[in-house]
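Reader: I am new to this structure. Please take me through one part of it closely, step by step.

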Amino acid sequence: MSPKTLDRNAVKAGRVYEADLYGWVEDQVALLKAGEVGSIDASHITQELEHLGRSEFNKLVGALRVLLLHLLKWDYQPERRSRSWVMTIDTQRERIAYELEDSPSLKPRLQEALQKAYAYGLRDAQRETGLLLSVFPDICPYEWQDVTQRPVHLDDNPS
Amino acid sequence: MKTNTAASNSIKSFRAYKADYFGWLEDQIGLLKAGDLSNIDTQNIAEEIGSVARRQYDCLENAARALIYNLLKWDLMPDRRSASAVLSMDAHRDQIAHVIARNPSLAAETPKALGRAYRYATYDVMRDCDLPRSIFAPECPYDWEVVRTREIVFETTKSPSGAANL
């Protein structure tokens, strides 16, 4: 090890990620803003960015989960349809659209998100409707087009 | 100039932070993992990493707000003390201890957190207990040590028979 390597390690040390997250951020932000990329803690920065990526994906799954739950209830308990279900469906569709507008690169992962969300939505639907799990399809019966666009209107005169 | 142009040309092939957040994350993670640090988007990574610290601070401030809210109610409305208020204070003290342990440098921000948490907590108490603004001191009457450690004992007057020896 040359003295130069030692110096660089000393600079890198700063405050340690595991021991002091807040202090670590202050140090890394200062290094990044100064353009001192040779001294940053790249592996923990990577870890934090990966974490943000997962939350971004999970936000999409979360919105789909609520949406699918309500589509299932809509189709399997039509007698209970309500204005509040329509509002929930509209709201979640909007969230999904905004999410994809901010992150178009999530689009290749839509099928994965849909399948994951359906697994959750299915269990939610079973719990909330009290119907048997076997009543619902095992795999998501809705195409992406249905999920995001199928019209959902409350009839003025039900029955 | 020539090197600058070359650099900006290669940057152009990456997805932009504002236009495609998830794609930007993927690209930056790829660059970091490849050790291609000269091409990373330092300013926006700094912004994103900064949000990690802001969340830690918010966690501290929110726990302090809930804790001060209960302390104020405890002192202003002694007849409404309850075992659940004690539990809530214990839980928020644990949360504060946990955040500070994970972020020792955050201790420097406690005066700021205390001031803000107190101001929000006074509004919460005014609203929930229908108390006038005038009874609250302009500055937090508790110092940080008091907030974190003052002993809170709730002496219950009703002791349900049979439950005492649990």
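Reader: How much area is buried between chain B and chain A, and what share of it do carbon and sulfur atoms give?

Author: Keep in mind that this is a predicted model. The area buried between chain B and chain A is about 2900 Å². Carbon and sulfur atoms give 68% of that area. Three residues stand out on the chain B side. Phe22(B), Ile49(B) and Arg102(B) supply 24% of the area that chain B buries against chain A.

Now the contacts. On chain B, 33 residues are in contact with chain A, where 33 residues take part. The rule finds 12 residue pairs in polar contact across this interface, with both residues at pLDDT 80 or more. Which parts of chain B supply this side? Helix H2 (21-34), H3 and helix H4 (83-102) of chain B each supply at least two residues of the side that touches chain A. H3(B) gives the most, with 12 residues. By class, this side of chain B has 17 nonpolar, 8 polar and 8 charged residues.

Next, the charged pairs. Across the interface of chain B and chain A the rule finds 1 salt bridge. Lys33(B) forms a salt bridge with Glu50(A). Their closest N and O atoms are 2.6 Å apart. Over all chains, a search of the whole structure finds 18 salt bridges. One of them joins the side chains of Asp75(A) and Arg150(A), at 2.9 Å from N to O. Asp75(A) lies in helix H3 (residues 42-76) of chain A, and Arg150(A) lies in the segment after helix H6 (144-149) of chain A, so this pair ties together parts that are 75 residues apart in sequence.

Last, the largest pocket. About 200 Å³ of space lies in it. The lining of this pocket has 13 residues. Closest to the pocket's centre are Tyr22(A), Val25(A), Gly50(B), Ala53(B) and Arg54(B). Both chains take part in the lining: helix H2 (21-33) of chain A and helix H3 (42-76) of chain B each supply at least two residues. H3(B) gives the most to this lining, with 7 residues. The lining divides into 6 nonpolar, 1 polar and 6 charged residues.

Notes. Residues are numbered from 1 along each chain as its sequence is written. Chains are lettered from A and ligands numbered from 1 in the order in which they are written. This is a predicted model: local features need pLDDT of at least 70, side-chain atom pairs count only at pLDDT 80 or more; totals for chains, interfaces and linings use all residues. Side-chain values use heavy atoms; hydrogens and water are left out. On a 1 Å grid over the protein atoms alone, a cavity is a set of points where a 1.4 Å probe fits but cannot get out, and a pocket is an open set with protein on both sides within 12 Å along at least five of seven lines; lining residues have an atom within 4 Å of a point. Grid points are joined across faces, edges and corners, and a volume is the space filled by probe spheres set on the points. Helices (H or I, at least four residues) and strands (E, at least two) are DSSP runs, numbered from the N terminus. Ala, Val, Leu, Ile, Met, Phe, Trp, Tyr, Cys and Pro count as nonpolar, Asp, Glu, Lys and Arg as charged, and the others, Gly among them, as polar. Contact means heavy atoms within 4.5 Å. Buried area is the accessible area (1.4 Å probe) that two parts lose on being put together, summed over both. A salt bridge is a side-chain nitrogen of Lys or Arg within 4 Å of a carboxyl oxygen of Asp or Glu. A polar contact is a pair of N or O atoms within 3.5 Å; within protein, one must be able to donate a hydrogen and the other to accept it, and residues adjacent in sequence count only if both atoms are side-chain atoms.
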